[in-house]
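Please find below my notes on the model.

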Amino acid sequence: MPRRRRPPRPGALADLSPLRILTQIIILQVLYYACAAVLILFTALVAGKDVSLDLLLSWRPLRGDVT
């Protein structure tokens, strides 16, 4: 009589594969930057600033003296 295999435990190593974790991190980062871009563009349009790619990718256009 052959031995029966045990079913895999919940939360086993298959659920925590490094590729899956890396994929989830990348997806979260993309969503974060997409939301930040929408908020920055909306704020710039409301404030009447000119919108440029430098506004999204650089810290120079931001003012720190008003915070």
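1. A patch is made of residues with over 30% relative accessible area and no salt bridge, where like charges are joined within 9 Å and nonpolar side chains (Val, Leu, Ile, Met, Phe, Trp, Tyr) within 5 Å. A salt bridge is a side-chain nitrogen of Lys or Arg within 4 Å of a carboxyl oxygen of Asp or Glu. Accessible areas come from the Shrake-Rupley method with a 1.4 Å probe, and for residues only the protein chains shown count as cover. Leu19, Leu22, Ile26 and Val30 make a nonpolar surface patch of about 410 Å².

2. The model is predicted: local features need pLDDT of at least 70 and side-chain atom pairs count only at pLDDT 80 or more, while totals for chains, interfaces and linings use all residues. Residues are numbered from 1 along each chain as its sequence is written, and side-chain values use heavy atoms, with hydrogens and water left out.

3. The chain has two helices and zero strands (DSSP runs, numbered from the N terminus: helices are H or I of at least four residues, strands E of at least two). Helix α1 covers residues 18–47, and its 30 residues reach 43 Å from first to last C-alpha, close to the expected 44 Å (1.5 Å times one less than the number of residues).

4. Of the 67 residues in the chain, 4% are buried (under 20% relative accessible area; exposed is over 50%, partly exposed in between, with a 1.4 Å probe and protein chains only). The accessible surface of the chain is about 7000 Å², and carbon and sulfur atoms account for 66% of this. Isoleucine 26, placed in helix α1, counts as partly exposed because its relative accessibility is 48%.

5. Tyrosine 33 also has its place in helix α1 and, with a relative accessible area of 53%, is exposed. The C-alpha atoms of tyrosine 33 and leucine 56 are separated by 9.4 Å, although these residues lie 23 residues apart along the chain.
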